[in-house]
Each structure stands twice: as structure tokens, then as C-alpha cells.
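Hi,

Here's the structure I promised to pass on.

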Amino acid sequence: MVDARDGKVLASHNADAGLPVASTTKLMTAYLALARLRPAQRLTAPLYRAKPAESLLGLEPGESDTVRDLLYGLLLPSGNDAAVDLADGVAGSVPAFVAMMNRAALRLGLTETHYTTPVGLDDPGNYSSARDLVALARILMRDSLFRRIVATRRATLRDAGHVRHVTNTNTLLSRAPFVDGIKTGTTNLAGDVLVSSGTRHGVTLVAALLGAPDEASRDAGSLALLRYGFSRYRERRAVSRGDVVHHVPARFTTAALSLQANRTIRVFSRADQRLEVRVRASSSVIGPIPEGTRIGSASVSLDGRPQGSVALSAASTLPAPVDPDGVGQAIPGSPGRALMDLIAAAILAAGTALLASAVFARRSRWLESTIE
């Protein structure tokens, strides 16, 4: 079991053992279909000769279905015919697709994984490990369509003149409100397999349990894994509304302006994760600044990953700086002084213009005398 955000392993036992994985093989089938096909693209179902007791969507040879519906048929009822239809649509044939599956496994670093089928029926050359299944599931959960499908308990597919009602074989979805995926698998050699996921407070955990003796043990073990994982996390207040998080020196005074957060940011994290608050604000300020004026912002990160940001505002009013002699004149840099400086600059500019005009007149008269 790992944290889907950073891959941190929270629990592990024989995680690298290459074992039969049954229909969780279809996770790679889904990965390639999502990468190579468009959801609205239509595929024509090839002839599929199913063995007794296989899981099927019920496709008829020659019927046309969208990739989206085939993915629902692949991931909810675990339809083997849907897997073959997608494989044929991606690569043109099942053998060519299986070769693509193994190249993808190598590229993704799934070192204990090998495929001989897009379906997952028992075969000595078709295996994976708990660690590899979790790694692939983490990648797939970044895809919004995949996340939506695997979190669905039931769906109705209306296409090609057919209406099909499909039910998710992942019964863990109804056992706990935080469970949101992913895929089951069951064969004689593999036993009961489940790659599961759950999300609480923005944290998603992904777990894989292989070789359970039955569905009840599979679900109980997976739920125990996820609950243990979430017990490792606590809510931490990175920034609270009204907290002073920064002070900015006020120019021409010995004071500083306090900046407070405009809202609260909470983070659900493990004790070993580094929480950091970074402030962006001016290096100094000058009054007058009314209380509540936005001055900067603060961003929150967890192990370097952004978690949110909050505006910072003046916690109190900062008055304009005053002449230390007490004569009531604003000192340089204040608004009053700035106005005086502006007037002086205007007078100087006018004088300069008059002087330039006089010099130009004298030069013109000299030029005229020279020409004559």
C-alpha cells in the first residue's frame, strides 16, 4: 500500500513476488486503450470464443461500440470480450497487443510483470507483483475517465441497439464511503485479487492484495490495509485565519507592519512529511496603509508539492511617517513630501525650458548674422 501522491510505501509483505493476477491484468489493457484510443472512437467487436464461466460484457461479433463503453465493460463486469475488442482496436491483433503490453511494462519499470494475454486467464507466463500493480494503478488514477469508471458501482450502457446494465465486481465500493476503486481479479491459480484505492481529505492510498482464499477475505484484508494507511495521517493547520505570519519593516520608522492570513489552510499529512509556508510580500512598506489592505500572499507546500495559497493583509493601520522634529511636515517618501517634490520638479522643468528658449534665440540671431 502506498500514498498515491508521493509513492511512499505504508505497508508491504512479499510485495515483489511475481504471482498470477487474474483480471487485474486488465489494468494494462486499460492503460494502453486510454493512451492509444479516443473515448468516442468506435470499434467493431471481433469473434471471441469464450470458455465456460468467463466474465463477459456480451458483445456480438460485428457490433460497433465506443471505447468509453468498452472500458466500462472491461473494468466493471471485467468483460473478457471487451478486453479483446480493445486489444484488437489498439494493435490489430491480440498477439501484437500483448507485445505492446510487455513493452509498456518495461518502459514503466514494472520489473516483476509479464503478460501473455490482455484478459488475465491463468497462464504461467502471465504474472505481476503487488508493487507493480500499485505502480500501474497510481499512473492510471491520474486519468479522469479511468477514475470515474472505477468509482462507479453500476452503469447502463446504451449503444449499437443494445442496452446493457453492468455492475462493478469491486464490492468494496459499498463497504466504506472513502473507497473509490480499482479492479478485482479471480481465477483458480490467482485466488482472489484486488487492487483498491481510497481517498480521504485529499489523500489517496492505493493497495494491492493478492492470493486471498475468497472474496470476503479479499475485501476484509483490503479494507484493513486502507484503514491502517489512513491512521498514519493527521490534520495539520498550516495557516489559520487571523494568524500573523509575517512582518514587513515600515520605511522611515522603527515599526513593522504585521500581515495576517485571510483564511485557514488545513493539510492532511503524515508525521514524516515536511510542511512549509512561504510568504511573498514587499521588502518594506510606507504608510498610510489602512487595516485590511492586501499586502502579499502565503503559499503552503507539503514535501515541496503545492497545497494552496492565502492572501495576506495588514493586521492594523499603519500611519504615514512624521518629521522627527515634530513640525507636522511629512518626511521624504511620504505622500505630502511627494507632492512638494512634484511641484518643485515642475518649477525646475519650467525654468529649464525658459533657459533653453533663451539660448536658442541667441543662437538663431548668431546664425542669421552669419548668413547675411
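Below is what turned up, starting from the inside. Keep in mind that this is a predicted model.

**The cavity.** Helix H2 (67-75), strand S4 (154-159) and strand S5 (162-167) each give at least two residues to the lining. By type, the lining has 4 nonpolar, 1 polar and 4 charged residues; among them are Leu57, Asp69, His162 and Arg164.

**The cores.** In general, nonpolar side chains in soluble globular proteins tend to be buried together. Here the largest nonpolar core has 57 residues, and Met28, Leu71, Leu86, Phe146 and Ile182 touch the most other members. Take Leu86: beyond its neighbours within four places in sequence, its contacts include Ala33, Leu43, Val67 and Leu74. There's also a second, separate core of 19 residues, with Ile265 and Leu312 among them.

Most peptide bonds are trans, and most residues other than glycine have a negative phi. Which residues does a cis bond with omega of about 15° join? Gly181 and Ile182, and Ile182 sits in strand S6 (residues 179-187). Another cis bond runs from Gly287 to Pro288, with omega near 5°; Pro288 is in the loop between strands S13 (275-280) and S14 (294-302).

Two non-glycine residues have a positive phi: Ala53 at about 70° and Ser78 at about 65°. Are they buried or exposed? Ala53 is exposed, at 83% relative accessibility, while Ser78 is buried, at 4%. Ser78 lies in the loop between H2 and helix H3 (80-91).

Cheers

Methods
Residues numbered from 1 in each chain as written. Predicted model: local features only at pLDDT ≥ 70, side-chain atom pairs only at ≥ 80, totals over all residues. Heavy atoms only, no water. 1 Å grid on protein atoms, 1.4 Å probe; cavity = no way out; pocket = protein on both sides within 12 Å on 5 of 7 lines; lining within 4 Å. Helix = DSSP H or I, 4+ residues; strand = E, 2+ residues; numbered from the N terminus. Nonpolar A, V, L, I, M, F, W, Y, C, P; charged D, E, K, R; others polar. Core = buried A, V, L, I, M, F, W, Y, C linked by side-chain atoms within 4.5 Å. Buried < 20%, exposed > 50% of the residue type's maximum accessible area, 1.4 Å probe, protein only. Contact = heavy atoms within 4.5 Å.
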